[in-house]
Structures are given as structure tokens and as C-alpha cells.
Amino acid sequence: MTEDVWMTSGEWLPVTSTNVKEIRYNFALKRLFVRFKGSSRGILRPIYDYTPVPIIVARRMFRSASKGSYVWEHLRDGGYTVNGPYAG
């Protein structure tokens, strides 16, 4: 899937990562969803969403070599509202 298709489709994109299973971006709501591997608070493959995430930040997530590091360094510590975990 190309970056532009992913940015506008709202579909989950499987990624290669030790911690992150897949990512999804809602362009209209500026929400970046991250489904993790493993479990959190008893929820298997939990989903967290980060908002409001500008398109440039979502693009950088798409391009990042390490999705887990990007979440930690730019989303968790980036001043975004974090919601979750949700069941995936």
C-alpha cells in the first residue's frame, strides 16, 4: 500500500515491528491508531489512538524504520491525547 493510499483509506496497515502489529490513520479526525502485539491490562493486541495527530506526523510514522520507537518518542511524549487500550 502506498503512503498516500494509506493516509486517506482509513485501512489498517500491517507493519514490520517487534511491538507494533499495524497502524491506521483517520485523516478527517486526525487520529492515529496503533494496534500493538502482546497484551496490555488484560487486553490481547490492544489498540491505542493518538489525537490530534497532524498529517506530517502520521507520514513520519509510516516512514519510520522503528514503529515502536516512533510511538514512544513522538506520540507518547509528543503532547497528544492518548486513548486506550481498546480490544482489537
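What follows is a chat about a predicted model of one protein chain.

Biologist: Before we dig in, what kind of model is this?

Modeller: It's a predicted model.

Biologist: Okay. How many helices and strands are there in the chain?

Modeller: The chain has three helices and seven strands.

Biologist: And in what order do the elements run from the N terminus on?

Modeller: They go α-β-β-β-β-β-β-α-α-β.

Biologist: What does the C-alpha trace span along its principal axes?

Modeller: About 35 × 25 × 20 Å.

Biologist: What radius of gyration does the chain have, and what would a compact globule have?

Modeller: The chain has 12 Å. A compact globule with 88 residues would have a value near 12 Å, so the two agree.

Biologist: How much of the chain is buried?

Modeller: Buried residues make up 40% of the 88 residues.

Biologist: What about contacts across the sequence? Take the ones between residues at least 6 apart: what share joins residues at least 24 apart?

Modeller: That share is 43%.

Biologist: Let's switch to charges. How many salt bridges does the structure hold?

Modeller: Five. One of them is between the side chains of Arg59 and Glu3, at 2.7 Å from N to O. Arg59 sits in helix H2 and Glu3 in helix H1, which covers residues 3–9, so this pair ties together parts that are 56 residues apart in sequence.

Biologist: Is Glu3 buried or exposed?

Modeller: Glu3 is buried, because its relative accessible area is 14% and the cut-off for buried is under 20%.

Biologist: New topic: Glu22. Where is Glu22, and is Glu22 buried or exposed?

Modeller: Glu22 is in strand S2. With 11% relative accessibility, Glu22 counts as buried.

Biologist: What does Glu22 touch, leaving out residues up to four places away in sequence?

Modeller: Glu22 touches Trp12, Leu13, Pro14 and Val15, plus Phe33, Val34 and Arg35.

Biologist: Now the surface. Which residues make the nonpolar patch?

Modeller: Phe27, Ile55 and Ile56 make a nonpolar surface patch of about 250 Å². Phe27 is in the loop between strand S2, residues 20–26, and strand S3, residues 31–36. With a relative accessible area of 46%, Phe27 is partly exposed.

Biologist: Where does Ser64 sit?

Modeller: Ser64 is in the loop between helix H2, residues 55–63, and helix H3, residues 67–76. At 15% relative accessibility, Ser64 counts as buried.

Biologist: Which residue's backbone oxygen lies 3.0 Å from a polar atom of the Ser64 side chain?

Modeller: That's the backbone oxygen of Met61.

Biologist: Last one: where is Gly84, and what is Gly84 in contact with beyond its sequence neighbours?

Modeller: Gly84 is in strand S7, residues 81–86. Leaving aside neighbours within four places in sequence, Gly84 is in contact with Arg41, Ile47 and Tyr48. Gly84 is partly exposed, with a relative accessible area of 33%.

Biologist: How far apart are Gly84 and Tyr50?

Modeller: In sequence, 34 residues; in space, 9.1 Å from C-alpha to C-alpha.

Methods. Residues are numbered from 1 along each chain as its sequence is written. This is a predicted model: local features need pLDDT of at least 70, side-chain atom pairs count only at pLDDT 80 or more; totals for chains, interfaces and linings use all residues. Side-chain values use heavy atoms; hydrogens and water are left out. Patches are made of residues with over 30% relative accessible area and no salt bridge: like charges are joined within 9 Å, nonpolar side chains (Val, Leu, Ile, Met, Phe, Trp, Tyr) within 5 Å. Accessible areas come from the Shrake-Rupley method with a 1.4 Å probe; for residues, only the protein chains shown count as cover. A salt bridge is a side-chain nitrogen of Lys or Arg within 4 Å of a carboxyl oxygen of Asp or Glu. Helices (H or I, at least four residues) and strands (E, at least two) are DSSP runs, numbered from the N terminus. Buried means under 20% relative accessible area, exposed over 50%, partly exposed in between (1.4 Å probe, protein chains only). A polar contact is a pair of N or O atoms within 3.5 Å; within protein, one must be able to donate a hydrogen and the other to accept it, and residues adjacent in sequence count only if both atoms are side-chain atoms. Contact means heavy atoms within 4.5 Å. The radius of gyration is taken over C-alpha atoms; the globule rule is 2.2 Å times the number of residues to the power 0.38.
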